[in-house]
Structures are given as C-alpha cells and as structure tokens.
Amino acid sequence: MSDHLAGGYDLVVFDLDGVVFLIDKPIPGAAEAVERLRSDGTPIAYATNNASRRSADVAALLTGMGVSAAPAEVLTSAGASAALLAERLPAGAPVLVVGAEALRAEVRDAGLVPVASAEDEPVAVVQGYGPEVGWKILSEAALAVRAGATWIATNTDRTLPSPRGPLPGNGSLVAVLRTALDRDPDVVVGKPQPGLFTTAATLSKAERPLVVGDRLDTDIEGAVRAGMDSLLVLTGVSGPADLLAAPPERRPTYVAADLSGLFRPSDEARLLGSGTEAGGWRVARSGDRAVLEGAGEPVDALRLLCALTWDGVSFAAVEAGSPEAGGLLEAWSA
C-alpha cells in the first residue's frame with residue numbers, strides 16, 4: 001500500500017468540468033497530477049456528463065491543454081445514451097435529438113436516425129446539453145414526448161462550472177420540458193447514475209477504483225451508488241457549505257483543495273474520522289454546540305467541521321475561537 005491517497009487504488013476516474021478544466025482552460029496542477037499517476041502505473045479514466053463532445057473530441061481537447069488522454073479512456077453521457085437507445089430500439093428508428101452535434105453523431109453511429117421534428121414520428125427523444133438549444137427544438141421534443149416517445153436525458157446537471165461562475169446546464173434545460181410536460185424523463189443516463197463509473201471499472205478490470213469529482217449531486221452521489229470511494233476537490237461547483245450540509249448519499253470519502261490531494265497521505269484527506277485536531281485546527285464540542293480554533297489549511301478545518309455537522313451539530317452553532325476560524329466561518333456561511 002502506497003503512502004499517498006491515490007496509491008491505494010487501481011483506477012482513478014476523473015470528472016472533467018471543474019476537476020481537470022473549466023470550459024477551455026486546464027485547472028492548475030491537473031496535467032501534473034495525471035502524469036504522476038501515469039508514471040506510478042495507475043490507470044486513468046475520464047467520465048463526463050457533458051454530452052456536447054464525443055470521446056475522441058474530449059481526448060483531443062485534453063491533449064491540447066497538456067493533459068494526456070486517449071479516446072478509449074473517455075466515457076461520455078452522449079455515448080452511453082446512444083448505446084442505451086441502440087439496445088432498446090430497432091436499427092433505423094427515428095430519434096429526436098436535443099443537444100449538440102456530438103449527440104446526433106453518437107445516435108447516428110449507433111444505427112439510429114437523428115431527427116429534429118415531431119412530425120418525423122420519433123420513437124424516442126434524447127436530450128443533452130448544447131449551447132444552441134432553444135425554444136424551437138424544445139417545443140418539438142415536448143410534442144414528441146406527448147405523442148408517446150420515450151424521453152431520455154443524458155444528465156440532469158443544473159449548472160456547468162465556468163471561470164465566471166455557474167452557468168445553466170442540461171438539468172436546467174430538462175427542467176423546461178419537465179415543467180411543460182409535468183413529468184420527469186423516463187431515463188437519466190449520466191451521473192448520479194453509477195453506469196459511467198461501473199463501465200470504467202469494468203473496462204480497466206479495476207477492483208478498487210477511486211472517483212474524483214467536484215459535484216456532490218452527480219460525481220459523489222454516483223460514486224456512492226456505485227459502491228466506490230470518492231474524492232471531492234474544491235475547484236468546481238460544490239463548496240465547503242455544500243459539503244457541511246451533505247446528506248449521507250452525497251458524502252465523499254475524502255476532500256482536498258485540488259488534485260494535489262491525490263498525493264498526500266490518505267489520512268490527511270479522509271472525512272469519516274472523529275478526531276478533534278487536524279493541521280493546526282482544533283474543535284471542542286459541548287452538546288449541540290462547538291468551537292473551532294487555531295489556524296492552518298482551510299480544508300483541514302473543513303474535515304473537522306464535517307465530522308461535527310454530519311453528527312448533528314448545526315453549522316450555525318459553531319463558534320470561532322480564533323481570528324482565522326472566524327474568517328473561515330464567515331466565508332462558508334456567506
């Protein structure tokens with residue numbers, strides 16, 4: 001067993017947006033983390049809910065950013081959705097596609113016929129993120145579903161991370177149809193469903209995979225459903241306040257500020273401990289109240305506070321016992 005976190009696993013499955021890059025720029029340290037894993041002989045996979053690119057395109061994008069990737073290492077919700085449709089429908093069946101050209105190409109390569117109108121009598125609607133998705137195609141999708149077409153969503157991520165802040169994701173577009181149709185999709189393919197993670201593990205013949213993500217509601221919940229350990233990195237959507245309030249089904253095994261946490265001792269990132277000190281921080285609990293004092297890396301204080309809030313102490317009942325603690329508590333309650 002290695003002395004660093006990643007060394008205890010035989011596959012690392014990365015989410016992309018918010019973990020490896022933001023829109024079109026790599027997150028600092030991502031390329032170095034991937035190369036270190038490769039030099040250590042640890043297999044890598046990438047699993048993304050974003051249905052706007054195909055696996056080869058994602059691999060090319062990563063490589064262009066300096067993050068090594070092969071198409072076979074990339075699993076997308078677009079590819080998984082098309083594969084599911086191909087299992088359920090006869091070859092040549094018409095499918096109304098809401099999303100980017102990548103999703104249409106996946107549907108076409110699966111032996112189905114992409115269409116854009118309810119008048120083409122599609123037997124299914126597949127909906128994924130696309131920056132050009134608008135009222136017209138959403139209206140056609142609503143008409144098709146009302147006429148009996150199966151409705152499949154590649155994912156229901158409410159937002160996408162960006163350097164300017166969270167932007168509307170496919171879940172927001174799915175919500176438009178959900179409101180118009182007054183019902184949920186028949187199938188949601190991507191995370192938090194475990195399929196992308198279990199497929200990655202099967203392809204790599206991994207027995208002990210680790211999922212790395214930035215979203216509690218997709219990456220981490222998907223890992224929990226798959227029975228896999230997970231690392232939350234604080235470079236994307238979910239922040240400290242979200243983690244402190246996370247229900248059991250969205251609690252990661254580890255938390256780190258960024259991907260460098262993969263190469264620190266696992267005990268320095270583990271969340272399920274019950275200690276009262278970590279990295280210069282201390283907590284003292286008295287009933288349903290607690291005091292945080294000391295100073296150090298914010299993520300170490302976060303680990304201590306998660307042990308408290310997950311055990312029933314309200315975050316609002318945590319007081320500061322040092323100026324540094326006061327600054328953190330104020331920032332995390334904003």
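1. Phe14 and Tyr46 are both buried (under 20% relative accessible area, with a 1.4 Å probe and protein chains only). Please keep in mind that this is a predicted model, where local features need pLDDT of at least 70 and side-chain atom pairs count only at pLDDT 80 or more, while totals for chains, interfaces and linings use all residues. Residues are numbered from 1 along each chain as its sequence is written, and side-chain values use heavy atoms, leaving out hydrogens and water.

2. Rings of Phe, Tyr and Trp (its six-membered ring) pair if their centres lie within 6.5 Å; planes under 30 degrees apart count as stacked, over 60 as edge-to-face and the rest as tilted. The count by this rule is two aromatic pairs. In one, the ring centres of Tyr9 and Tyr254 are 6.5 Å apart with planes at 90 degrees, so this pair is edge-to-face. Both Tyr9 and Tyr254 are buried.

3. For Phe14 and Tyr46, the ring centres are 6.0 Å apart and the planes at 25 degrees, so the pair is stacked. Phe14 belongs to strand β1 and Tyr46 to strand β4 (residues 44–48), so the pair ties together parts 32 residues apart in sequence. Strands here are DSSP runs (E, at least two residues), and helices are runs of H or I of at least four, numbered from the N terminus.

4. Now have a look at β8 (residues 124–127), which is covered on both faces: Ala124 and Val126 on one side, and Val125 and Gln127 on the other, are all buried. Strands pair if DSSP finds at least two bridges between them. Four bridges join β8 to β9 (residues 150–153), and the two run parallel.

Technical notes. Buried < 20%, exposed > 50% of the residue type's maximum accessible area, 1.4 Å probe, protein only.
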